Amino acid sequence: MAHRDWELRSASAADVEAIVELRAVVMRPDLERLGRYDELRVRQRLRDSFVPECAWIIEVGGAFAGCVALRPAEDAHWLEHFFVAPRLQGSGVGSGVLRELLERCDREGLLVRLNVLRGSAARRLYERHGFTVESEDPVDVFMVREPAFGMGGD
């Protein structure tokens, strides 16, 4: 795609319910496959853990299309709450957003961690962007990506 047809804007508390609903839709197939879908819990977990100051809203054509968060922790930043509307999955929006955030992390020399549900198609996206598996349990795969040094700048 020659031109970028998405934008990132800072998230606010007013965005939480739209994200809650998107998370429920996007995660349902994987959670059901793992026998862990609970329609109240899938929503409440986001409400309990969402920090708008660490998150961005993805907009396509000025409309809500997804979200992503980067939460600072002791030794790394955690990539969290990365959801793209089903109609846009496979369109390159998710890859473009991920690439931009990882470039920011590289500039700051940040290690990035994430966890993805076992069997999720998203794992392939993360592997293409340099994440490797650190550990896994029956539900989650924990992945890590070292900063790519020497890419633009010092």
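Rings of Phe, Tyr and Trp (for Trp, its six-membered ring) are taken to pair if their centres lie within 6.5 Å, with planes under 30 degrees apart counted as stacked, over 60 as edge-to-face and the rest as tilted. By this rule the count comes to 2 aromatic pairs. The rings of Phe82 and Tyr126 have centres 6.5 Å apart and planes at 40°, so this pair is tilted. Phe82 belongs to strand S4 (residues 77-84) and Tyr126 to helix H4, so the pair ties together parts that are 44 residues apart in sequence; helices (H or I, at least four residues) and strands (E, at least two) are DSSP runs, numbered from the N terminus. Tyr126 and Phe131 form an aromatic pair that is edge-to-face, with 5.7 Å from centre to centre and 70° between the planes. Through these ring pairs Phe82, Tyr126 and Phe131 are linked into a cluster. Phe82 counts as buried at 14% relative accessibility, Tyr126 is buried with a relative accessible area of 7%, and Phe131 counts as buried at 3%, where buried means under 20% relative accessible area, exposed over 50% and partly exposed in between (1.4 Å probe, protein chains only).

The structure is a predicted model, in which local features need pLDDT of at least 70 and side-chain atom pairs count only at pLDDT 80 or more, whereas totals for chains, interfaces and linings use all residues. Residues are numbered from 1 along each chain as its sequence is written, and side-chain values use heavy atoms, with hydrogens and water left out.

Side chains of opposite charge can pair when their charged atoms come close. The structure holds 13 salt bridges, a salt bridge being a side-chain nitrogen of Lys or Arg within 4 Å of a carboxyl oxygen of Asp or Glu. Among them, the side chains of Arg47 and Glu17 meet at 2.8 Å, N to O. This pair links distant parts of the chain, with Arg47 in helix H2 (residues 41-49) and Glu17 in helix H1 (residues 16-33), 30 residues apart. Arg47 counts as partly exposed at 34% relative accessibility, and Glu17 is also partly exposed, with a relative accessible area of 40%. Another salt bridge joins the side chains of Arg145 and Asp106 at 2.9 Å, N to O. Arg145 lies in strand S7 (residues 140-145) and Asp106 in helix H3 (residues 93-107), so the pair ties together parts that are 39 residues apart in sequence. Arg145 counts as buried at 9% relative accessibility, as does Asp106 at 8%.

Within helix H4 (residues 122-128), Arg123 and Glu127 lie 4 residues apart, about one turn of the helix, and their side chains meet in a salt bridge (3.0 Å, N to O). Arg123 is partly exposed, with a relative accessible area of 25%, and Glu127 counts as partly exposed at 37%.

In H2, Val42, Arg43 and Leu46 are buried. These residues cover an arc of only 100° around the axis, which puts them on the same side of H2; the arc is that of the directions from the helix axis to the C-beta atoms. The buried residues of H2 pack against H1 and S4, contact meaning heavy atoms within 4.5 Å.

Grid points are joined across faces, edges and corners, and a volume is the space filled by probe spheres set on the points. About 1,200 Å³ of space lies in the largest pocket. The largest pocket is lined by 41 residues, of which Phe82, Phe83, Val116, Ala122 and Tyr126 lie nearest its centre. At least two residues of this lining are supplied by each of H1, H2, S4, H3, strand S5 (112-117) and H4, and the largest share, 7 residues, comes from H1.

The count of cavities of 30 Å³ or more comes to 1. About 30 Å³ of space lies in the largest cavity, which is lined by Ser49, Phe50, Val51, Cys54, Ala69, Arg71, Glu80 and His81. Strand S3 (63-72) and S4 each supply at least two residues of the lining of the largest cavity.

Technical notes. On a 1 Å grid over the protein atoms alone, a cavity is a set of points where a 1.4 Å probe fits but cannot get out, and a pocket is an open set with protein on both sides within 12 Å along at least five of seven lines; lining residues have an atom within 4 Å of a point.
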